[in-house]
Amino acid sequence: ALGCANHDSFDTAVDRYIELFRAAIERRPPRGRFTVPLSGGRDSRHILYELAHQGHLPARCVSSRSLPPVASVDAPAARAIWMRFRSPRPSRLSSWA
């Protein structure tokens, strides 16, 4: 029925996603010093975690911040993720950069 998840199918799909994502990073590993844009969301997090899993830590991460009066949720989330790697703080770009 629609809306009902089959856990075996879901787990299989997640495993396949991991395999394909891992293979993509293996095919195009970074060379030299590189920077990863990190928003704190799932996509950029997956990229950073897989790069680290394969032994490729970026020299830095960059994140954008909102101009006042809008509060930025991305920069603090990105900083928290980056700090798990015990590396320098991520650079912050202005939202217009």
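I began with E50, which sits in helix α2; helices here are DSSP runs of H or I with at least four residues, strands are runs of E with at least two, and both are numbered from the N terminus. The model is predicted, so I noted that local features need pLDDT of at least 70, that side-chain atom pairs count only at pLDDT 80 or more, and that totals for chains, interfaces and linings use all residues. I also noted that residues are numbered from 1 along each chain as its sequence is written, and that side-chain values use heavy atoms, with hydrogens and water left out.

**Entry 1: E50**

Is E50 buried or exposed? I found E50 buried, at a relative accessible area of 7%. I applied the cut-offs of under 20% for buried, over 50% for exposed and in between for partly exposed, with a 1.4 Å probe and protein chains only. I then listed what E50 touches, leaving aside residues up to four places away in sequence: F21, R22 and I25. A contact is counted when heavy atoms lie within 4.5 Å.

**Entry 2: helix α2**

I recorded α2 as residues 42–53, 12 residues in total, with 16 Å from its first C-alpha to its last. This is close to the 16 Å expected at 1.5 Å a residue, where the expected span is 1.5 Å times one less than the number of residues. Just after α2, I noted a positive phi of about 85° at G55.

**Entry 3: the aromatic pair**

How many aromatic pairs does a search of the whole structure find? It finds 1. The rule pairs rings of Phe, Tyr and Trp (its six-membered ring) with centres within 6.5 Å; planes under 30 degrees apart are stacked, over 60 edge-to-face, and the rest tilted. Both residues belong to helix α1 (residues 7–27), 4 residues apart, about one turn of the helix. Y17 is partly exposed at a relative accessible area of 40%, and F21 is partly exposed at 21%.

**Entry 4: the nonpolar core**

Which residues form the largest nonpolar core? I listed its 10 residues as I25, F34, V36, L38, L48, L51, C61, A78, I81 and W82. Such a core is a set of buried Ala, Val, Leu, Ile, Met, Phe, Trp, Tyr and Cys residues joined through side-chain atoms within 4.5 Å. Two or more residues come from each of α2 and α3 (74–83), and α3 gives the largest share, 3 residues. In α3, I found A75, A78, I81 and W82 buried; down the axis of α3 they fall within an arc of 125°, so they line one face of the helix. F34 touches L51, H56, L57, P58, A59 and R60, not counting residues up to four places away in sequence.

**Entry 5: the chain**

I counted 3 helices and 3 strands, running α-β-α-β-α-β from the N terminus on. Buried residues make up 21% of the 97 residues.

Note on methods. Arc of directions from axis to C-beta.
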